[in-house]
Each structure stands twice: as structure tokens, then as C-alpha cells.
Amino acid sequence: MGVSFVVFPCCFFLFSLIYFSSGSEVVTIHVNEAKNLLQSGYRYIDVRTVEEFEKGHVEAANILNIPYLFITPEGRVKNPEFLKEVSSLCKEEDRLIVGCQSGARSLAATADLLKIGFKNVHDMGGGYLAWVENGHPIKMEEPKKIQEPAIVEDKPNEEL
């Protein structure tokens with residue numbers, strides 16, 4: 001029985017980098033299964049940019065936003081602190097689901113986490129777009145309010 005993959009040309013490099021060099025098998029789960037696992041205590045790591053996350057994200061009790069890639073003038077660049085950030089907030093035994101916008105970044109992030117010793121990590125196939133398409137709950141972040149600095153009046157020192 002053969003295994004077949006559909007890989008779009010724009011994603012071939014990323015796919016081949018993950019599939020042929022990860023050394024660990026990435027388990028990709030459907031968004032319905034991800035929803036059930038999140039309800040049973042799994043932690044969700046959203047690897048999209050902060051801007052994407054704030055526009056809307058998976059509604060989960062235990063969610064982190066740790067970008068896997070940054071958008072720069074030169075293009076997308078891997079977050080050099082990604083693994084360090086995840087490792088500082090999660091233990092290798094933690095039960096994790098990794099998601100992004102459509103599935104490519106989370107696949108790469110999941111492979112990287114497995115490579116450094118995380119054991120219970122699942123990639124959410126189709127990402128946030130599939131989550132929304134399947135009618136699962138989302139949350140939008142409130143716009144950050146900029147607090148006006150308090151005006152401090154100069155008062156003369158009282159003499160004692």
C-alpha cells in the first residue's frame with residue numbers, strides 16, 4: 001500500500017524539508033478531533049503572527065500565540081526563538097495541538113517540536129481556516145487600549 005501526498009508547488013520546499021529531515025512522524029488531526037482534544041485538556045499553540053492571532057483565533061481554554069515565522073521586508077523568516085519560547089512555557093510531556101492559518105506553518109512547527117523531544121504534539125490540519133469552516137468557536141482579541149499618561153502638576157515642596 002503506497003502513501004500519496006498532494007503538495008502544491010509553493011509549499012514543496014517546506015514540505016520536503018519537514019518530511020525528509022524531521023526524523024519524527026508528524027500526526028495531523030482533523031479540526032473536529034482537535035476540538036475534542038482541546039476540551040479534554042490539550043494546550044493549543046497558535047503559530048501565526050500576532051496580527052493574525054488578534055484578528056481571530058481558536059477559542060480554547062489554554063492557548064498560546066508563539067509565531068513560527070515573522071513577516072519581514074525580505075519575506076518570511078523563521079522565528080529564531082520559537083523552540084526556546086515553547087520550551088520555556090511547555091514541558092516535553094505536555095499534550096499540545098499546533099495550528100496556524102492553513103496548515104503549512106503548524107506542520108513545520110510540529111516537526112521541529114518533535115525533533116527536540118516533545119512527545120504529545122499534534123498538527124491541526126487545515127489550520128484556523130478549517131476550524132472556522134467547520135463552525136467551531138472563535139475568539140477575537142479586544143483592541144489594545146493606549147492609556148493616556150496622567151498629568152502630574154508641579155507642586156512646590158512644603159517647608160517644614
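Q: What is the average pLDDT of the protein?

A: This is a predicted model, so start with pLDDT, the predictor's confidence in each residue. The protein averages 83, and 73% of the residues score at least 70.

Q: Where does pLDDT stay under 50?

A: Over residues 1–22. For that stretch the model has 15 contacts beyond four places in sequence.

Q: Which residues touch the most other members in the largest nonpolar core?

A: The general idea comes before the case. In soluble globular proteins, nonpolar side chains tend to be buried together. Here the largest nonpolar core has 21 residues, and Ile45, Val47, Phe82 and Val86 touch the most other members. Two or more core residues come from each of helix H4 (82–89), strand E7 (95–99) and helix H5 (104–115). H5 supplies the largest share, six residues.

Q: Which residues does the second, separate core include?

A: That core has 14 residues, among them Ile29, Leu37, Ile97 and Ala130.

Q: Is Gly127 buried or exposed?

A: Buried means under 20% relative accessible area. Gly127 has a relative accessible area of 0%, so Gly127 is buried. Gly127 sits in helix H6 (residues 127–133). Beyond four places in sequence, the contacts of Gly127 are Val31, Cys100, Gln101, Ser102 and Gly103. Gly127 and Val31 show how sequence and space can be read together: they are 96 residues apart in sequence, yet 7.6 Å apart in space, C-alpha to C-alpha.

Q: Which residues form a nonpolar patch on the surface?

A: Val132, Ile138 and Met140 form it, with about 250 Å² of accessible area together. Take Ile138 as the example: this residue is in strand E9 (residues 138–139). With a relative accessible area of 32%, Ile138 is partly exposed.

Q: How many salt bridges does the structure hold?

A: Again, the general idea comes before the case. Side chains of opposite charge can pair when their charged atoms come close. This structure holds five salt bridges. In one of them, the side chains of Arg48 and Asp46 meet at 2.9 Å, N to O. Both Arg48 and Asp46 are buried.

Q: Why does the pair of Asp112 and Lys78 tie together parts that are apart in sequence?

A: Their side chains meet in a salt bridge of 2.7 Å, N to O. Asp112 lies in helix H5 and Lys78 in strand E6 (residues 75–78), so the pair ties together parts that are 34 residues apart in sequence. Asp112 counts as buried, at 11% relative accessibility, whereas Lys78 counts as partly exposed, at 40%.

Q: Where are Glu92 and Lys119, the pair that links distant parts of the chain?

A: The side chains of Glu92 and Lys119 meet in a salt bridge of 3.5 Å, N to O. Glu92 is in the loop between H4 and E7, and Lys119 is in the loop between H5 and strand E8 (120–124), 27 residues apart. For accessibility, exposed means over 50%. Lys119 is exposed because its relative accessible area is 53%, while Glu92, at 34% relative accessibility, counts as partly exposed.

Notes: Residues numbered from 1 in each chain as written. Predicted model: local features only at pLDDT ≥ 70, side-chain atom pairs only at ≥ 80, totals over all residues. Heavy atoms only, no water. Core = buried A, V, L, I, M, F, W, Y, C linked by side-chain atoms within 4.5 Å. Buried < 20%, exposed > 50% of the residue type's maximum accessible area, 1.4 Å probe, protein only. Helix = DSSP H or I, 4+ residues; strand = E, 2+ residues; numbered from the N terminus. Patch = residues over 30% accessible without salt bridge, like charges linked within 9 Å, V, L, I, M, F, W, Y side chains within 5 Å. Areas by Shrake-Rupley, 256 points an atom, 1.4 Å probe, with all protein chains shown as cover. Salt bridge = Lys/Arg side-chain N within 4 Å of Asp/Glu carboxyl O. pLDDT = per-residue confidence, 0-100. Contact = heavy atoms within 4.5 Å.
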